[in-house]
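Hi,

Here is the structure I promised to pass on. Have a look at it first, and my notes follow below.

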Amino acid sequence: MIHSVKSASLKFFGPVLLAALLSACAATGPAPVRDTTPPPSTQAPSEAPTTGAKQPVHVVRPGDTLMGIARLHGVTAKDLVVWNNLTDPNQIHVGRELLVGPPVDAVAQPIAIGEPVEVQPVKPGSDGNGVVVKQEPKGGKQPYSDEAWASVQPRSTLPPVVPPTAPEADRTVAADAVWLWPVSGQVIGTFDEAANKGLDIAGKPGDPVIASAGGKVVYSGSGLRGYGKLVIIKHDANYLTAYAHNQQLLVKEGESVTKGQRIAELGSTDADRPKLHFEIRKQGRPVDPMKYLPAR
């Protein structure tokens with residue numbers, strides 16, 4: 001009897017237990033996945049070292065032009081455009097500080113190399129598409145540079161003339177050379193790198209202005225506002241001098257002058273009184289003329 005009851009129970013409950021067991025197995029989820037990726041670093045990236053070197057700058061004044069600023073500092077207008085990232089060189093605003101020397105913190109950027117480009121020579125007088133282009137005469141005015149100066153010199157088929165080997169006293173100016181006072185008047189304004197780039201020397205209209213040292217005239221005109229009629233003489237690779245506010249200019253651009261030569265007449269153009277504004281610049285930067293001129 002008992003055996004019959006057990007057999008009947010197994011027949012009844014067996015399918016139920018099997019169904020429950022299969023249901024439990026189906027409900028079991030996948031094993032959890034452990035993320036072993038290390039957390040991102042929270043440390044701030046190190047900053048590139050900075051330099052404390054002082055940049056030579058020119059503060060734009062009313063009437064300044066890019067060409068005039070370049071000549072005053074012994075550089076080219078193209079250099080100023082590159083160093084200051086100028087998109088429109090004709091629009092420089094009063095009060096802006098322009099770098100007049102290469103940035104000291106400039107970092108060279110890698111240049112991406114693309115696919116090779118086939119280079120084909122262009123025939124002289126052609127634009128590359130077979131169209132004949134006239135190349136002469138050339139117009140316009142370039143900013144002063146040694147390369148620009150060489151490009152406008154007349155071409156000659158004669159062999160170059162070998163310069164004399166004897167040294168010329170007025171062609172090179174050393175830091176300890178004897179400079180001349182450009183005028184004989186009283187100093188009424190001293191050098192201040194922030195406010196006054198040179199000396200202001202009083203005088204009478206028409207007083208002779210002489211070259212402080214020998215060299216070549218690289219500018220003679222009135223295109224730089226605030227300087228009036230101006231003469232700039234380049235003495236060597238390092239030094240140039242500027243003579244401003246003249247009433248009459250006696251030399252032209254490209255002319256060679258000797259130390260003591262009369263180059264202008266003192267005046268008051270772009271000034272409040274008759275005076276000469278005199279500057280000495282070394283590698284484009286103004287220096288105190290009193291450290292170079294003889295005591296008097």
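A definition to start with: a residue is called buried under 20% relative accessible area, exposed over 50%, and partly exposed in between. Please keep in mind that this is a predicted model.

With those cut-offs, Asp270 is partly exposed, at a relative accessible area of 44%. You will find Asp270 in the loop between β10 and β11.

Asn85 is another non-glycine residue with a positive phi, here about 55°. Asn85 sits in the loop that runs between α3 (77–83) and β2 (97–99). With a relative accessible area of 66%, Asn85 counts as exposed.

The largest nonpolar core is made up of 24 residues, and Val209, Ile233, Tyr243 and Ile263 have the most contacts inside it. At least two residues of this core come from each of β4 (199–202), β7 (229–234), β8 (239–249), β10 (262–266) and β11 (275–282).

Setting aside neighbours within four places in sequence, Ile263 is in contact with Val209, Ile210, Ala211, Val231, Ile233, Tyr243, Leu249, Leu250, Val251 and Val257. Apart from this core lies another one, of 13 residues, including Leu66, Ile69, Ala70 and Trp83.

Best wishes

How values were computed: Residues numbered from 1 in each chain as written. Predicted model: local features only at pLDDT ≥ 70, side-chain atom pairs only at ≥ 80, totals over all residues. Heavy atoms only, no water. Core = buried A, V, L, I, M, F, W, Y, C linked by side-chain atoms within 4.5 Å. Buried < 20%, exposed > 50% of the residue type's maximum accessible area, 1.4 Å probe, protein only. Helix = DSSP H or I, 4+ residues; strand = E, 2+ residues; numbered from the N terminus. Contact = heavy atoms within 4.5 Å.
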